[in-house]
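Look over the sequence and structure first.

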Amino acid sequence: MKEVDIVVIGGGPAGLSAAVHAAKMGAGVLLLERSQALGGQLVKQTHKFFGSRQEFAGERGFDIAHTLMEQIAQQEKIEVWTNATALGYYPDGVLTVKRNENFRTFRPRKLIVATGASEKALAFPNNDLPGIYGAGAVQTLMNLYGVMPAKRVLMVGAGNIGVIVAYQLLQAGVEVAAVIEAAPRIGGYWVHASKIRRCGVPILTGHTIRQAHGTTQLTGVTVCRLDEKWTMIPGTDTLFEVDGLCLAVGLSPLTELLWQAGCKMNFVPELGGYVPWRNEYLQTTHKNVYVAGDVAGVEEASAAMVEGKLAGLAAAFALNHQTADFAADYRAAKQQLNALRSGPLSAKVCHGLCKVMLEEAM
Amino acid sequence: MLAIDGTATAEDLQAVLPTPDRRRRGAVAVIECFQEIPCNPCADACPRGAITMPENISQRPVFDPDKCNGCGVCVGRCPGLAIFVVDYSYGEDTALLKIPYEFRPLPQAGDSVTALDRQGAAVGSARVVKVQEQKNRTTILWLAVTAAMATAVRNIRLSGEVRA
Ligand SMILES: Cc1cc2nc3c(=O)[nH]c(=O)nc-3n(C[C@H](O)[C@H](O)[C@H](O)COP(=O)(O)OP(=O)(O)OC[C@H]3O[C@@H](n4cnc5c(N)ncnc54)[C@H](O)[C@@H]3O)c2cc1C
Ligand code: SF4
Ligand code: SF4
């Protein structure tokens with residue numbers, strides 16, 4: 001069994017940033033990513049990101065992924081394993097991994113879990129018809145493989161993911177019949193919503209799916225209005241003839257490994273579901289397990305990168321690695337994270353974080 | 001209303017459109033960014049310091065039209081594609097618009113295209129004056145439109161294209 005300083009699970013923005021900063025402190029890092037390439041959600045994002053220059057604002061997601069991968073490549077202390085899935089983490093500190101078809105075990109001195117989040121589904125009649133996708137699948141087909149998911153799509157969800165993926169569909173030459181949203185207000189940034197509006201896509205807030213139609217594949221979707229109590233209003237049905245339905249109804253953190261590790265968890269709707277308790281160093285109630293990114297609460301890539309940096313620095317520091325500018329670096333990253341979370345749209349996230357922040361280091 | 005259907009109201013726009021006096025003095029940016037979001041590339045982009053975030057990144061951009069010369073650098077950088085430049089001094093009854101554009105194929109200078117408003121409705125035609133491609137892949141289109149249309153037009157459609 002191999003001993004390693006730090007294993008980082010997940011090669012998205014949080015994991016990449018954690019690996020780079022832990023290695024810069026002098027720690028040996030093994031980075032595990034279950035898919036064939038690093039980058040996580042970023043590789044599918046063709047739009048320009050928000051934030052400030054420190055988080056590469058104004059650059060496109062896949063370009064940011066490449067910048068992070070270059071930083072990884074420059075660190076000799078990082079070993080990268082792709083096609084490597086972390087399977088389990090046991091009470092004796094053993095981590096099991098499947099890489100390609102081989103089974104391997106490790107005993108990491110510290111573990112940073114940055115596994116991201118998975119998409120939520122929606123229940124309605126015929127929701128298993130071919131042509132009904134999650135937004136992540138649509139992005140993978142379109143932006144990674146250049147495959148058109150459908151000719152005419154109805155988007156469900158006007159959060160950032162829904163409005164952004166609707167825009168990407170338009171760019172790919174797919175018609176977007178409408179974006180519907182059950183809530184009375186658009187959850188995504190208004191600038192993203194305006195981008196699809198000026199392409200003529202209606203955004204229908206207070207609307208939901210009544211049912212999907214089709215026998216062998218999707219042919220249409222009936223949509224209806226909701227009243228203030230979120231019940232369907234009879235007589236408000238509209239039929240959209242579409243061959244694609246894209247669900248962008250939220251994400252929930254991928255926390256299985258944390259449960260198995262015995263980390264204390266809490267259900268926090270503002271953060272997407274069950275998330276681990278953590279202290280300001282992103283350390284969970286298990287002293288060797290740190291978290292960063294969407295697995296710690298669904299947020300943004302900008303925040304994920306900064307959390308990754310904090311977790312990477314803190315885990316390396318706990319293993320007695322030190323650099324001259326550690327303290328200043330750490331403080332600057334904390335301030336950066338606070339600035340990102342200072343606006344009114346972050347109020348929800350901050351409210352959620354209060355429910356899982358441990359007062360002091362364990 | 002922005003929060004409900006994604007389109008700015010007349011009052012929203014009133015607050016960001018250039019004053020009649022500023023219009024007479026030539027090209028100027030129109031920043032249609034109405035929500036406090038954690039974002040500041042516009043402030044970083046402006047070479048003249050016309051856009052600032054005085055306190056923090058989550059503020060709305062603060063714009064000084066007297067410092068702006070309508071160069072359009074911010075138009076290409078804003079990730080929200082929320083900044084436009086309008087120049088009412090372009091011609092007798094013609095205004096020049098600079099809009100961000102991220103669709104392919106690109107139009108060519110000299111083309112006549114359908115001008116669309118903030119809801120994507122056709123409101124007339126526009127002549128493409130210049131196609132300014134950028135490294136970050138947001139293209140800035142320079143469009144000549146009638147002065148009366150300049151506050152409404154925010155997008156284009158190539159002839160024969162159907163999108164939504
Ligand atoms: C359409 C869309 C638009 C977005 N736009 C923006 C934006 O404009 N600005 C912004 O800041 N954010 C944006 N985001 C959010 C951003 O992409 C995420 O917040 C960010 O990617 C989270 O980073 P992460 O590293 O925590 O997770 P992810 O990027 O999801 O990465 C997690 C990685 O872990 C891997 N993994 C999971 N489990 C295992 C395991 N057991 N073993 C090994 N590997 C594993 C996964 O394969 C994945 O690669 C957007 C998201 C979407 C979907
Ligand atoms: S148009 Fe030029 S001068 Fe005016 S705000 Fe934008 S970048 Fe600054
Ligand atoms: S760059 Fe664009 S979206 Fe970001 S704050 Fe400036 S105007 Fe708003």
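## Ligand 3

Ligand 3 is surrounded by A:F50 from chain A and, from chain B, by B:I31, B:C33, B:C39, B:P41, B:C42, B:M53, B:P61, B:C78, B:P79, B:G80 and B:I83. A residue counts as near if one of its heavy atoms lies within 4 Å of the molecule. The ligand lies between chains A and B. Its shell divides into 11 nonpolar residues, 1 polar and no charged. Here Ala, Val, Leu, Ile, Met, Phe, Trp, Tyr, Cys and Pro are nonpolar, Asp, Glu, Lys and Arg are charged, and the others, Gly among them, are polar.

## Conventions

The model is predicted: local features need pLDDT of at least 70, side-chain atom pairs count only at pLDDT 80 or more, and totals for chains, interfaces and linings use all residues. Residues are numbered from 1 along each chain as its sequence is written, chains are lettered from A and ligands numbered from 1 in the order in which they are written, and side-chain values use heavy atoms, with hydrogens and water left out.

## Helix α4 of chain A

Helices (H or I, at least four residues) and strands (E, at least two) are DSSP runs, numbered from the N terminus. Just after the helix, A:G173 takes a positive phi of about 90 degrees.

Is α4(A) largely enclosed or open? It is largely enclosed by the rest of the structure, because 10 of its 12 residues are buried. Buried means under 20% relative accessible area, exposed over 50%, and partly exposed in between (1.4 Å probe, protein chains only). Among the buried residues are A:N160, A:V163, A:Y167 and A:L170. Their cover includes α3 (135–144), β9 (152–156), β10 (175–181), α5 (190–197) and β15 (244–247) of chain A. Contact means heavy atoms within 4.5 Å.

## Aromatic pairs

Rings of Phe, Tyr and Trp (its six-membered ring) pair if their centres lie within 6.5 Å; planes under 30 degrees apart are stacked, over 60 edge-to-face, and the rest tilted. The count comes to 9 aromatic pairs over all chains. A:W81 and A:F106 are edge-to-face, with centres 5.4 Å apart and planes at 65 degrees. A:W81 lies in strand β3 and A:F106 in strand β6 of chain A, so the pair ties together parts 25 residues apart in sequence. A:W81 is buried at 3% relative accessible area, and A:F106 is buried at 0%.

A:Y167 and B:F103 are also edge-to-face, at 5.7 Å centre to centre and 75 degrees between planes. This pair crosses between chains, from helix α4 of chain A to the loop between β5 and β6 of chain B.

## Charges over rings

A charge sits over a ring if NZ of Lys or CZ of Arg is within 6 Å of the ring centre and within 35 degrees of the ring normal. A:R99 sits over A:W81, 4.2 Å from the ring centre. A:K195 lies over A:Y167, at 4.3 Å.

## Backbone exceptions

Most residues other than glycine have a negative phi, and most peptide bonds are trans. A:F56 has a positive phi of about 65 degrees. A:F56 is buried at 14% relative accessibility. B:L81 has phi near 45 degrees and is buried at 3%. A cis peptide bond joins B:R104 and B:P105, with omega about 0 degrees.
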